Number of protein chains: 2
Amino acid sequence: MGSPRRLLLLSSSSLHGGGYLEHCQQHIQSFLGQKVKRVLFIPYALHDRDAYARTAREKFESLGYGLDSIHESCDPVEAIRKSEAIFIGGGNTFRLLKALYDNNLIHEIRKRVLEDGIPYIGSSAGSNVATISINTTNDMPIVYPPSLQALGLVPFNINPHYLDPDIKRTHMGGLREGTMLLVEGDKATLQGATGARLFLRGKKPTEHEPGTDFSFLLTDSNPLNP
Amino acid sequence: MGSPRRLLLLSSSSLHGGGYLEHCQQHIQSFLGQKVKRVLFIPYALHDRDAYARTAREKFESLGYGLDSIHESCDPVEAIRKSEAIFIGGGNTFRLLKALYDNNLIHEIRKRVLEDGIPYIGSSAGSNVATISINTTNDMPIVYPPSLQALGLVPFNINPHYLDPDIKRTHMGGLREGTMLLVEGDKATLQGATGARLFLRGKKPTEHEPGTDFSFLLTDSNPLNP
Ligand SMILES: [Ca+2]
Ligand SMILES: [Ca+2]
């Protein structure tokens, strides 16, 4: 039996100078649907959590969803337990992952997403931490998390903001700005405007258009599994 | 009393497609002088240590110095103890720092450089690990070192391969390709062709030409000291 996981992993939170989450707002609405009323926001990737929560709240309210920021909760683990949907915003991946560990959220987020099937949206660093590890981040290690292992919601690595030209990278998916990966259970589909580049160890990187079925990456024996 | 340390910290190992260490070979020769006969090379930042040692050996021999690569020694700590001069090459900063820890070299290199005053040359990642920490590397965290703290031969951070335009960074020196920092005891001077950008917390970054005296960065109360 597959996991009921539902993930929308965004490469970035804006595109070509457009507004915050503007390029993907229809994707977010159709992903969350009408049953979800409130989204739990995790602003840990940026230093100014209040300002970040204001930006995210404004956007989600404009799309018809209430937004609670986990940094305003006195019990973050309990906030995850009660959440209907989780959105982790971008920023610095090291800062984000360290805060997830410091607040003991790794286990509880995994449980809510992989077992209970609540929708997870990640943007940039929030997409990075959804994968097995942050080994493929381009961010600076401004803090030292207790591990590079991340939430492991998918069994491979993602490199958000992937830019040409080729750099030698193995076993990861490079998501260009504007690209999203939609995961519904055991089905994964590339969405958005720009496409992705797939790096398999020992093979030539391959280019993939929006609409590509990436479900084979979700199996335990997937070629990106290290 | 100041430390007898002598450091030559290179931003990169080549410039504009030139040969390996070509742009700085005169600097290396005048830094090592005639008393040094053999250089101990640390190739840990790259995967293929044999090939890396061949490249470095060829260059140093052409400059009149013998080169031993530490990966060919059965006792790396002893190799540091006996070394006349150390050169740490570039590559991946995380891989390099982890190997320095794994081989218990941090303490011994510090002792040789800060107390015994043997010359230290670092290039790129090798310059990064000479500083207090690798928090300002641009490299991917392909492995997980036991700490981000580095050799601490100087009390500030360096960002090798520093590229414009501005990114928000605090308390570090951005060394452009082709730039070097020469440290002799308590005197630090910018050398090379391209200059550096200095980032002080809460201040506007400032641009500095080759020849700039950076000795104020070496004091304990230096503005880059976090
Ligand atoms: Ca990022
Ligand atoms: Ca490097």
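This is a predicted model: local features need pLDDT of at least 70, side-chain atom pairs count only at pLDDT 80 or more; totals for chains, interfaces and linings use all residues.
How many helices and strands are there in chain A? There are 6 helices and 11 strands, counted as DSSP runs of H or I with at least four residues for helices, and of E with at least two for strands.

Residues are numbered from 1 along each chain as its sequence is written, chains are lettered from A in the order in which they are written, and side-chain values use heavy atoms, leaving out hydrogens and water.

Now, confidence. Chain A has an average pLDDT (the predictor's confidence in each residue, from 0 to 100) of 87, and 89% of its residues score at least 70. Residues 164-170 of chain A fall below 50, and this stretch makes 11 contacts beyond near neighbours in sequence, a contact being heavy atoms within 4.5 Å.

Looking inside chain A, 55% of its 226 residues are buried, meaning under 20% relative accessible area with a 1.4 Å probe, protein chains only.

Let's turn to the partner. In chain A, 18 residues touch 18 residues of chain B. The two chains bury about 1300 Å² between them, with 63% from carbon and sulfur atoms; that is the accessible area (1.4 Å probe) lost on being put together, summed over both. Please find Met140(A), Pro141(A) and Tyr144(A): this trio supplies 53% of the area chain A buries against chain B, more than any other three residues.

Key:
Buried means under 20% relative accessible area, exposed over 50%, partly exposed in between (1.4 Å probe, protein chains only).
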